[in-house]
Amino acid sequence: MADKFTELAAPFVLGMLDEPEARQFAQHLATGCRECRLAVQNAKRVASLLPYTAPQNEPPPELKQRLLDAIAAESKILPMRPVAGKSEAPATGPATIRSMPQRTFFQRARGALAWAAVFLLFAVGYSYFLQRDLIRQLQTELAERNAEMKLLQFELERQKTVIERIKKSSAPRLLLVELKGTEANPSGNVKVLLDPQTVGGSFIAYNLPPLPRENDYQLWFLKNGKPFDAGVFAVNEKGEFIGEVQHLPETLAGISAFAITREPKGGSPTPTMPIYWVGAVQGV
């Protein structure tokens, strides 16, 4: 009996049963049939996803009416027969039992078609959710690319500023400090440009060996014999870097040299020996 009702769960949820069938199915659910209740819950869960699927087109009213007329089946009302050994007279008035309508092939096919429609819509909805997640992922990647683009633009503007300062290096007010490689690392060249009037500085490094990811280069200036942090940097795959000297004091007086060391990622508060490049400041 449960199987006969179970196949009506999807049409019941979708409102495709005629009134007698819907009423009988509801009465059956009221008996507490676990299989049918589970079938109804599953059908409702699938049907709840339908609003997220592609728009549905309403069939023409004439076609819908013809379909409903074709599948409508009259229910039969059978008189209750007395149980053997019991009185034929009913205890309280006439009682009737409504038999299940004889389901035609079209009615059985209607249930199958309803389930097929539900699963088809579920597949469309599932595809929609997958595409929505893909769109969100692409939007996240696009935001990351935009952030990288802004960072590159900032870096480009900074290097333009440094290059302009280097172009003016022939001006008498600029000081050029050339850093030479030490025995620890004789390759590569570093040049520092200082402007005593603006108390600014830039430096350019080339042919420096790239470092592992856990290390950075760190520029230092010596003022009155003490090292001060002038910036942490990493060269590109060609061993190049262009940057500005950081943390310069209000005056360049007392600065006697620049040096570069290899430090842990992010730099160190004091230089780690040995020194890789060093150059004396003349004319300050």
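**Figure 1. An aromatic cluster.** One aromatic cluster is formed by Phe203, Tyr217, Phe233, Phe241, Tyr276 and Trp277. Rings of Phe, Tyr and Trp (its six-membered ring) pair if their centres lie within 6.5 Å. The model is predicted: local features need pLDDT of at least 70, side-chain atom pairs count only at pLDDT 80 or more, and totals for chains, interfaces and linings use all residues. Residues are numbered from 1 along each chain as its sequence is written, and side-chain values use heavy atoms, with hydrogens and water left out.

**Figure 2. The ring pair Phe12–Phe25.** The structure holds nine aromatic pairs. One of them joins phenylalanine 12 and phenylalanine 25, with 4.7 Å centre to centre and 45° between the planes. The pair is classed as tilted; planes under 30 degrees apart count as stacked, over 60 as edge-to-face and the rest as tilted. Phenylalanine 12 belongs to helix 2 (residues 9-13) and phenylalanine 25 to helix 3 (residues 19-30). The pair links distant parts of the chain, 13 residues apart. Helices (H or I, at least four residues) and strands (E, at least two) are DSSP runs, numbered from the N terminus. Phenylalanine 25 is buried at 0% relative accessible area, whereas phenylalanine 12 is partly exposed at 26%. Buried means under 20% relative accessible area, exposed over 50%, and partly exposed in between (1.4 Å probe, protein chains only).

Figure 3. Four salt bridges are found in the whole structure. The term means a side-chain nitrogen of Lys or Arg within 4 Å of a carboxyl oxygen of Asp or Glu. Glutamate 19 forms one with arginine 23; the closest N and O atoms are 3.9 Å apart. These two residues are separated by about one helical turn, because they are four residues apart in helix 3. Glutamate 19 is exposed, with 61% relative accessibility. Arginine 23 is partly exposed, with 35%.

**Figure 4. Glutamate 21, a buried residue of helix 3.** Helix 3 also holds glutamate 21. This residue is buried, with a relative accessible area of 4%. From glutamate 21 to leucine 8 is 8.6 Å, C-alpha to C-alpha. In sequence the two are 13 residues apart.

**Figure 5. The salt bridge Arg145–Glu148 in helix 6.** In this salt bridge, the closest N and O atoms of arginine 145 and glutamate 148 are 4.0 Å apart. Both residues lie in helix 6. Their spacing is three residues, about one turn of the helix. Arginine 145 is partly exposed at 47% relative accessibility. Glutamate 148 is partly exposed too, at 44% relative accessible area.

**Figure 6. A nonpolar surface patch.** Phe122, Tyr126 and Leu130 make a nonpolar surface patch of about 310 Å². Tyrosine 126 lies in helix 6 (residues 105-167). Patches are made of residues with over 30% relative accessible area and no salt bridge: like charges are joined within 9 Å, nonpolar side chains (Val, Leu, Ile, Met, Phe, Trp, Tyr) within 5 Å. Accessible areas come from the Shrake-Rupley method with a 1.4 Å probe; for residues, only the protein chains shown count as cover.

**Figure 7. The salt bridge Asp216–Lys265.** Aspartate 216 and lysine 265 form a salt bridge, with 3.4 Å between the closest N and O atoms. Aspartate 216 lies in strand 6 (residues 215-223), and lysine 265 in the loop between strand 9 (255-264) and strand 10 (275-280), so the pair ties together parts 49 residues apart in sequence. Aspartate 216 is buried, with a relative accessible area of 7%. Lysine 265 is exposed, with 54% relative accessibility.

Figure 8. Two strands pair if DSSP finds at least two bridges between them.

Figure 9. Strand 5 (residues 200-206) and strand 8 run antiparallel and are joined by four bridges. Isoleucine 204 stands opposite isoleucine 242 in strand 8. Glycine 231 is found in strand 7. Glycine 231 is buried, with a relative accessible area of 10%. The C-alpha atoms of glycine 231 and leucine 248 are separated by 10.0 Å. Along the chain, glycine 231 and leucine 248 are 17 residues apart.
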